[in-house]
Amino acid sequence: MRPSLVVIHYTAMTSAAAAIIRLCDPVHEVSAHYVIARNGQVTQLVSEDQRAWHAGAGQWHGQDDINSRSIGIELDNTGTHPFPEPQMLALETLLVGVLDRWDISPEGVIGHSDMAPGRKFDPGPYFDWTRLAHQNLAAAAPATGIDPANIAASGIAAGYTATCDPIDLRHAIALRWPNLI
(Lines give C-alpha, C1' and ligand atoms only; values in the text may rest on other atoms or scores of the structure.)
Protein backbone atom coordinates (compact mmCIF):
# COMPACT_ATOMS: atom_id res chain seq x y z
CA MET A 1 0.00 0.00 0.00
CA ARG A 2 1.05 3.56 -0.59
CA PRO A 3 1.58 5.48 2.67
CA SER A 4 -1.31 7.79 3.54
CA LEU A 5 -0.45 8.33 7.22
CA VAL A 6 2.50 9.28 9.39
CA VAL A 7 2.41 7.89 12.93
CA ILE A 8 4.46 9.71 15.56
CA HIS A 9 5.74 7.78 18.57
CA TYR A 10 8.07 8.26 21.48
CA THR A 11 10.63 5.54 22.15
CA ALA A 12 10.08 5.25 25.94
CA MET A 13 13.75 4.33 26.17
CA THR A 14 16.81 5.95 27.72
CA SER A 15 18.48 6.93 24.43
CA ALA A 16 18.10 6.94 20.67
CA ALA A 17 20.94 4.41 20.44
CA ALA A 18 19.08 1.99 22.72
CA ALA A 19 15.90 2.45 20.70
CA ILE A 20 17.71 1.81 17.40
CA ILE A 21 19.21 -1.42 18.76
CA ARG A 22 15.76 -2.62 19.83
CA LEU A 23 14.08 -1.52 16.58
CA CYS A 24 16.69 -3.41 14.54
CA ASP A 25 16.54 -6.61 16.59
CA PRO A 26 14.20 -9.12 14.87
CA VAL A 27 13.51 -10.82 18.22
CA HIS A 28 11.40 -7.81 19.29
CA GLU A 29 9.31 -7.75 16.08
CA VAL A 30 9.12 -3.96 16.07
CA SER A 31 10.60 -1.39 13.71
CA ALA A 32 10.13 2.15 12.45
CA HIS A 33 11.09 4.12 9.40
CA TYR A 34 12.90 6.83 11.36
CA VAL A 35 14.30 7.59 14.80
CA ILE A 36 14.99 11.20 15.74
CA ALA A 37 17.43 11.71 18.60
CA ARG A 38 17.05 14.51 21.12
CA ASN A 39 19.88 16.40 19.41
CA GLY A 40 17.99 16.27 16.09
CA GLN A 41 19.97 13.48 14.43
CA VAL A 42 17.70 11.53 12.08
CA THR A 43 18.38 7.83 11.49
CA GLN A 44 16.44 5.98 8.81
CA LEU A 45 15.90 2.31 9.69
CA VAL A 46 13.40 1.20 7.04
CA SER A 47 12.94 2.52 3.52
CA GLU A 48 9.75 4.56 3.17
CA ASP A 49 8.48 2.22 0.47
CA GLN A 50 8.73 -0.76 2.85
CA ARG A 51 6.45 -1.76 5.71
CA ALA A 52 7.71 -1.12 9.24
CA TRP A 53 6.19 -2.75 12.33
CA HIS A 54 5.51 0.29 14.50
CA ALA A 55 1.77 0.73 14.86
CA GLY A 56 0.18 -2.56 15.90
CA ALA A 57 -3.58 -2.97 16.16
CA GLY A 58 -5.67 0.14 15.68
CA GLN A 59 -7.63 2.27 13.27
CA TRP A 60 -7.81 5.82 11.96
CA HIS A 61 -10.70 7.20 9.88
CA GLY A 62 -11.93 3.64 9.38
CA GLN A 63 -8.58 2.44 8.05
CA ASP A 64 -6.92 -0.52 9.73
CA ASP A 65 -3.60 -2.27 9.01
CA ILE A 66 -1.88 1.00 9.85
CA ASN A 67 1.59 -0.53 9.41
CA SER A 68 0.89 -1.06 5.71
CA ARG A 69 -0.30 2.47 5.12
CA SER A 70 2.00 4.61 7.24
CA ILE A 71 5.47 5.97 7.86
CA GLY A 72 6.52 5.49 11.51
CA ILE A 73 8.63 8.13 13.24
CA GLU A 74 10.07 7.40 16.69
CA LEU A 75 11.16 10.35 18.83
CA ASP A 76 13.81 9.74 21.47
CA ASN A 77 11.77 10.59 24.57
CA THR A 78 10.55 8.72 27.63
CA GLY A 79 7.20 10.50 27.57
CA THR A 80 7.97 12.34 30.79
CA HIS A 81 9.43 15.57 29.43
CA PRO A 82 9.05 18.06 26.55
CA PHE A 83 10.63 17.37 23.19
CA PRO A 84 13.83 19.40 22.67
CA GLU A 85 13.97 22.14 20.03
CA PRO A 86 16.58 20.38 17.81
CA GLN A 87 14.39 17.28 17.76
CA MET A 88 11.25 19.23 16.85
CA LEU A 89 13.09 21.08 14.08
CA ALA A 90 14.36 17.79 12.66
CA LEU A 91 10.84 16.32 12.85
CA GLU A 92 9.39 19.32 11.02
CA THR A 93 12.01 19.05 8.27
CA LEU A 94 11.41 15.31 7.93
CA LEU A 95 7.63 15.77 7.83
CA VAL A 96 7.84 18.35 5.03
CA GLY A 97 9.70 15.82 2.88
CA VAL A 98 7.56 12.80 3.77
CA LEU A 99 4.27 14.63 3.22
CA ASP A 100 5.51 15.93 -0.12
CA ARG A 101 6.96 12.61 -1.34
CA TRP A 102 3.81 10.64 -0.55
CA ASP A 103 1.20 13.39 -1.01
CA ILE A 104 -0.01 12.93 2.59
CA SER A 105 -2.27 15.65 3.98
CA PRO A 106 -1.67 17.21 7.41
CA GLU A 107 -4.73 15.26 8.62
CA GLY A 108 -2.74 12.11 7.96
CA VAL A 109 -0.16 12.96 10.63
CA ILE A 110 -1.30 11.22 13.80
CA GLY A 111 -0.02 10.01 17.11
CA HIS A 112 0.16 6.37 18.15
CA SER A 113 -2.48 7.24 20.76
CA ASP A 114 -4.83 8.49 18.01
CA MET A 115 -5.01 5.14 16.22
CA ALA A 116 -4.86 2.97 19.37
CA PRO A 117 -6.68 4.81 22.20
CA GLY A 118 -6.22 3.11 25.54
CA ARG A 119 -3.48 0.83 24.23
CA LYS A 120 -0.92 3.52 23.39
CA PHE A 121 -0.28 6.98 24.80
CA ASP A 122 2.57 8.28 22.67
CA PRO A 123 3.71 10.82 21.68
CA GLY A 124 2.12 11.88 24.96
CA PRO A 125 1.11 15.07 26.75
CA TYR A 126 4.39 16.93 26.14
CA PHE A 127 4.21 16.72 22.35
CA ASP A 128 3.40 20.05 20.67
CA TRP A 129 0.66 19.24 18.16
CA THR A 130 -0.30 22.91 17.94
CA ARG A 131 3.19 23.77 16.71
CA LEU A 132 2.87 21.24 13.87
CA ALA A 133 -0.67 22.38 13.03
CA HIS A 134 0.51 26.02 12.73
CA GLN A 135 2.97 24.86 10.06
CA ASN A 136 0.34 22.76 8.27
CA LEU A 137 2.22 19.58 9.28
CA ALA A 138 -0.69 18.16 11.31
CA ALA A 139 -4.41 18.78 11.57
CA ALA A 140 -5.69 21.66 13.62
CA ALA A 141 -8.32 20.99 16.26
CA PRO A 142 -11.70 20.01 14.77
CA ALA A 143 -13.79 23.09 14.01
CA THR A 144 -16.90 21.41 15.38
CA GLY A 145 -15.27 20.74 18.74
CA ILE A 146 -15.82 17.70 20.89
CA ASP A 147 -19.17 17.16 22.57
CA PRO A 148 -18.45 15.67 26.02
CA ALA A 149 -22.03 14.37 26.14
CA ASN A 150 -21.48 12.41 22.94
CA ILE A 151 -17.77 11.62 22.97
CA ALA A 152 -18.15 8.60 20.66
CA ALA A 153 -19.77 10.56 17.80
CA SER A 154 -17.37 13.47 18.24
CA GLY A 155 -14.43 11.08 18.25
CA ILE A 156 -15.57 9.35 15.08
CA ALA A 157 -16.02 12.70 13.34
CA ALA A 158 -12.45 13.62 14.32
CA GLY A 159 -11.04 10.30 13.00
CA TYR A 160 -11.03 8.10 16.11
CA THR A 161 -12.64 4.94 14.74
CA ALA A 162 -10.74 2.30 16.74
CA THR A 163 -12.98 0.42 19.14
CA CYS A 164 -12.26 1.55 22.69
CA ASP A 165 -13.74 2.52 26.01
CA PRO A 166 -15.18 6.08 26.06
CA ILE A 167 -12.76 7.01 28.86
CA ASP A 168 -9.82 5.91 26.70
CA LEU A 169 -11.22 7.84 23.75
CA ARG A 170 -11.59 10.97 25.89
CA HIS A 171 -7.98 10.58 27.04
CA ALA A 172 -6.69 10.13 23.46
CA ILE A 173 -8.53 13.25 22.29
CA ALA A 174 -7.19 15.19 25.29
CA LEU A 175 -3.63 14.15 24.41
CA ARG A 176 -4.09 15.54 20.91
CA TRP A 177 -6.29 18.55 21.59
CA PRO A 178 -6.19 19.29 25.35
CA ASN A 179 -8.31 22.44 25.02
CA LEU A 180 -11.25 20.51 23.58
CA ILE A 181 -11.89 18.28 26.60
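Modeller: Let's start with a term: a residue is buried when its relative accessible area is under 20%, exposed when over 50%, and partly exposed in between, using a 1.4 Å probe and protein chains only. By that cut-off, Trp60 and Tyr160 are both buried. Keep in mind that this is a predicted model, where local features need pLDDT of at least 70, side-chain atom pairs count only at pLDDT 80 or more, and totals for chains, interfaces and linings use all residues. Residues are numbered from 1 along each chain as its sequence is written, and side-chain values use heavy atoms, with hydrogens and water left out.

Biologist: How many aromatic pairs does the structure hold?

Modeller: Rings of Phe, Tyr and Trp (its six-membered ring) pair if their centres lie within 6.5 Å; planes under 30 degrees apart are stacked, over 60 edge-to-face, and the rest tilted. The structure holds 4 such pairs. In one of them, the ring centres of Trp60 and Tyr160 are 4.9 Å apart and the planes are at 80°, so this pair is edge-to-face.

Biologist: Which parts of the chain does that pair link?

Modeller: For the element names, helices (H or I, at least four residues) and strands (E, at least two) are DSSP runs, numbered from the N terminus. Trp60 is in the loop between strand S3 (42-44) and strand S4 (70-75), while Tyr160 is in the loop between helix H5 (151-158) and H6, 100 residues apart. Trp60 and Tyr160 also form one aromatic cluster with Trp177.

Biologist: What about Phe83 and Phe127: are they buried or exposed?

Modeller: Both Phe83 and Phe127 are buried. They make an edge-to-face aromatic pair too, 5.3 Å centre to centre with 85° between the planes.

Biologist: Where does the charged end of Arg176 sit?

Modeller: A charge sits over a ring if NZ of Lys or CZ of Arg is within 6 Å of the ring centre and within 35 degrees of the ring normal. The charged end of Arg176 is over the ring of Trp129, 3.8 Å from its centre. Likewise, Arg51 lies over the face of Trp53, 4.0 Å from the ring centre.

Biologist: And why does Arg170 count as partly exposed?

Modeller: Because its relative accessibility is 33%. Arg170 is in helix H6 (residues 166-176). Contact means heavy atoms within 4.5 Å; leaving aside neighbours within four places in sequence, Arg170 is in contact with Pro148, Ile151 and Ile181.

Biologist: How many helices and strands are in the chain?

Modeller: The chain has 6 helices and 5 strands, and 48% of its 181 residues count as buried.
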